Amino acid sequence: MLAQILILVAGLAIYAGYGLYGLCYLLIAAVITWLVGLLLPRHRWLMWPLIALNAVILACIKLQPVTQWSMAAPLGVSYFTLQIIAYVVDVAHGKYQPERNIVTFGLYLTYFPHLLFGPIEPFDHMKQALAERRCTWDALSRGGARVAWGLFKKLAVAARAGVVVGTISAAPEEYRGAYALLAMLLYSVQLYADFSGGIDIVLGVSQMMGLHLSENFNAPYFSQSIAEFWRRWHITLGAWLKNYIYIPLGGNRRGGVRKVLNLLITFLVSGLWHGVHYLLWGLFNGIFVAFGEGFKTRWKALNCGVTFLIISILWAFFVWPDTMTALESIGSLFTTFNYGALAGNFLELGLNMGEWLVFLVAVLVLWGYDLFQKRLSLWFGSAVPVLRTAVIAVLVLLVLVFGMYGIGFHAEEFIYSRF
């Protein structure tokens with residue numbers, strides 16, 4: 001219990017560095033949720049006002065771009081709000097008993113690493129992880145390697161892709177057609193390396209402390225369809241949406257038309273969770289998930305390539321600052337054919353030839369790891385301590401030599417910490 005208290009206090013102290021307003025909001029939310037949870041077995045109706053309060057606050061924060069007022073958003077509010085809703089629903093439905101130990105509950109809701117970008121941990125998983133926490137050499141070495149790998153993704157891959165994406169997205173009128181497509185494709189790489197790299201750091205730091213949290217990615221860009229992609233990307237958010245939106249709406253139990261409607265509503269909720277600008281992005285993803293399975297071919301490589309292309313084009317809503325600009329950029333793919341100009345000018349987009357080569361090699365390493373992740377994990381687990389240490393040292397060296405610095409060391413500079 002002493003270790004849990006120390007982790008809790010240290011996390012809250014770090015969180016306080018991002019603003020006392022956010023800390024007060026988080027602590028008040030945690031205490032209210034804990035107290036309501038204790039009352040839920042006898043007063044189940046309390047679930048609804050607490051869900052409504054948190055949903056309204058989160059919706060107001062996300063709708064700010066289209067309103068005349070503003071509300072300061074505490075760091076990680078999108079993540080811990082979903083965990084609050086999941087907790088009260090599960091307790092109210094008797095999935096598990098309310099947690100009486102406020103330290104254990106506090107760690108579930110305020111554990112600092114996963115406040116930034118997940119994973120969105122169910123309470124029973126977090127409680128089990130805390131109960132089974134063991135600091136061992138195996139956990140320390142695996143966690144250290146994962147942190148180093150996450151930093152490699154962020155600083156060697158995402159940072160370089162971000163330079164080109166930033167150059168193109170800053171001048172949408174100038175960069176159309178082939179340039180827009182390049183930005184979309186590179187943003188797919190940037191977002192994945194940035195987000196999964198951040199998750200690797202969270203899971204690695206947690207593992208070093210003996211905590212084993214949920215995985216959030218499973219080689220998503222090797223998916224055969226959009227539906228499969230969303231089962232392998234941001235896995236814990238997908239599980240939350242399935243358990244607390246899709247299934248309560250009726251899931252696939254009420255016929256084909258209702259299933260499609262439930263999918264579209266679920267993905268619209270996912271879009272709003274990201275922000276009001278992403279509602280159309282959520283709708284398009286819902287349509288592809290609902291109807292895309294019927295267009296799969298027998299050629300896996302083709303399915304994989306088409307899925308990656310569609311997902312990349314839909315990321316346009318993340319690349320450009322407003323919906324209309326994103327739609328215009330997507331439209332330019334079919335009206336502006338300037339691939340020759342891009343071939344002659346790609347060195348003017350922020351990276352020289354050496355940087356491009358480093359980036360391409362780093363991406364191949366990233367894809368190679370995703371392809372052989374299970375085998376590499378088994379090999380690393382069976383390696384002797386000296387070899388494990390050497391692997392970590394090599395990863396750290398790669399980060400030091402090939403990482404792009406000046407960014408990446410603040411929580412807000414990871415893309416998904418903004419949501």
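How many residues does the largest nonpolar core have, and which of them have the most contacts inside it?

Modeller: Please keep in mind that this is a predicted model, in which local features need pLDDT of at least 70 and side-chain atom pairs count only at pLDDT 80 or more, while totals for chains, interfaces and linings use all residues. Residues are numbered from 1 along each chain as its sequence is written, and side-chain values use heavy atoms, with hydrogens and water left out.

The largest nonpolar core has 126 residues, and those with the most contacts inside it are W230, W233, W315 and Y416. Helix α9 (residues 178-208) supplies the largest share of this core, 18 residues. A nonpolar core here is a set of buried Ala, Val, Leu, Ile, Met, Phe, Trp, Tyr and Cys residues joined through side-chain atoms within 4.5 Å. Buried means under 20% relative accessible area, exposed over 50%, and partly exposed in between, with a 1.4 Å probe and protein chains only. Helices are DSSP runs (H or I, at least four residues), as strands are (E, at least two), numbered from the N terminus.

Rings of Phe, Tyr and Trp (its six-membered ring) pair if their centres lie within 6.5 Å; planes under 30 degrees apart count as stacked, over 60 as edge-to-face and the rest as tilted. One of these pairs is formed by Y87 and Y108, whose ring centres are 6.2 Å apart with planes at 45°, so the pair is tilted. Because Y87 belongs to helix α4 (residues 77-92) and Y108 to helix α5 (residues 102-110), this pair ties together parts that are 21 residues apart in sequence. Y87 is buried at a relative accessible area of 0%, and Y108 also counts as buried, at 0% relative accessibility.

Another pair brings us back to W233: the rings of F217 and W233 have their centres 5.1 Å apart and their planes at 90°, so this pair is edge-to-face. The pair links distant parts of the chain, with F217 in the loop between α9 and α10 (226-232) and W233 in the loop between α10 and α11 (235-249), 16 residues apart. Both F217 and W233 are buried.

A219, in the loop between α9 and α10, has a positive phi of about 45° although it is not a glycine, and A219 is buried with a relative accessible area of 5%. H234, in the loop between α10 and α11, likewise has a positive phi, near 45°, in a residue other than glycine, and H234 is buried with a relative accessible area of 2%.

K153 and F217 return at the largest cavity, which is lined by 13 residues, with R146, K153, D200, F217 and Q373 lying nearest its centre. This cavity has a volume of about 120 Å³, and the structure holds one cavity of 30 Å³ or more. On a 1 Å grid over the protein atoms alone, a cavity is a set of points where a 1.4 Å probe fits but cannot get out, a pocket is an open set with protein on both sides within 12 Å along at least five of seven lines, and lining residues have an atom within 4 Å of a point. Grid points are joined across faces, edges and corners, and a volume is the space filled by probe spheres set on the points. Helix α9 gives the most to the cavity lining, with four residues.

Finally, the largest pocket has a volume of about 1000 Å³. Of the 34 residues that line this pocket, W149, Y369, Q373, L376 and S377 are closest to its centre. Helix α18 gives the most to the pocket lining, with seven residues.
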